[in-house]
Amino acid sequence: MARALTAYETRFVSAAGFEEAHDIVIGRCSMCHAREPVWNNMQWAPKGVFLETEGDIAKHARQNYLQSGVSHAMPPANITNISDADRAKIVSWYRAGS
């Protein structure tokens with residue numbers, strides 16, 4: 001059973017641009033940041049950060065913003081090819097929820 005969202009998570013799930021940010025994160029991040037990662041030879045999600053559900057993505061909004069939106073540190077070597085336009089959408093969503 002899914003848990004209820006926290007007030008923080010609800011704020012980011014409700015923020016403008018969440019749907020686009022959600023789709024980007026699911027398509028570019030969740031294969032590694034999963035409870036059972038599907039990326040070759042990966043045993044667990046890096047730093048225990050899960051990005052599979054709306055609640056997961058909202059819970060880690062700030063990390064998504066900093067790591068993939070601002071610093072471009074994630075994904076490493078941009079292995080999943082997040083475009084600058086998609087990074088800008090993550091930034092815009094985070095700022096809308098802040």
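Where is T80 placed, relative to α4 and α5? Hi everyone, let's begin there. T80 is in the loop that runs between α4, residues 61–70, and α5, residues 84–97. Please keep in mind that this is a predicted model.

Is T80 buried or exposed? T80 has a relative accessibility of 9%, so it counts as buried. And what is T80 in contact with, once we leave aside its neighbours within four places in sequence? Those contacts are R28, M31, W39 and P75.

Now let's turn to helix α2, which spans residues 18–28. Which residues of α2 are buried? They are F18, A21, H22, I24 and V25. Around the axis these residues cover an arc of only 165°, so they lie on the same side of α2. As a reminder, an α-helix has 3.6 residues a turn, so residues three or four places apart point the same way. On the face of α2 turned away from the buried side, we find the exposed residues E19 and D23. And what covers the buried residues? The cover includes α1 (7–14), α3 (54–59), α4 and α5.

On to charges, then. Side chains of opposite charge can pair when their charged atoms come close. How many salt bridges does this model have? The count comes to 5, and I'd like to walk you through some of them.

Let's take E9 and R3. Their salt bridge has its closest N and O atoms 2.8 Å apart. E9 is buried, at a relative accessible area of 3%, whereas R3 counts as partly exposed at 46%.

D56 and R35 form another salt bridge, with the closest N and O atoms 2.8 Å apart. This pair links distant parts of the chain, since D56 sits in helix α3 and R35 in the loop between α2 and α3, 21 residues apart. Here D56 is buried, with 6% relative accessibility, while R35 is partly exposed, with a relative accessible area of 45%.

Finally, please look at helix α5. The side chains of K89 and D86 meet there in a salt bridge, at 3.8 Å from N to O. K89 and D86 are 3 residues apart in α5, so about one helical turn separates them. K89 is partly exposed at 33% relative accessible area, and D86 is buried at 17%. Which residues do salt bridges with shared partners join into one network here? The network consists of E20, D86 and K89.

Terms used. Residues numbered from 1 in each chain as written. Predicted model: local features only at pLDDT ≥ 70, side-chain atom pairs only at ≥ 80, totals over all residues. Heavy atoms only, no water. Helix = DSSP H or I, 4+ residues; strand = E, 2+ residues; numbered from the N terminus. Buried < 20%, exposed > 50% of the residue type's maximum accessible area, 1.4 Å probe, protein only. Contact = heavy atoms within 4.5 Å. Arc of directions from axis to C-beta. Salt bridge = Lys/Arg side-chain N within 4 Å of Asp/Glu carboxyl O.
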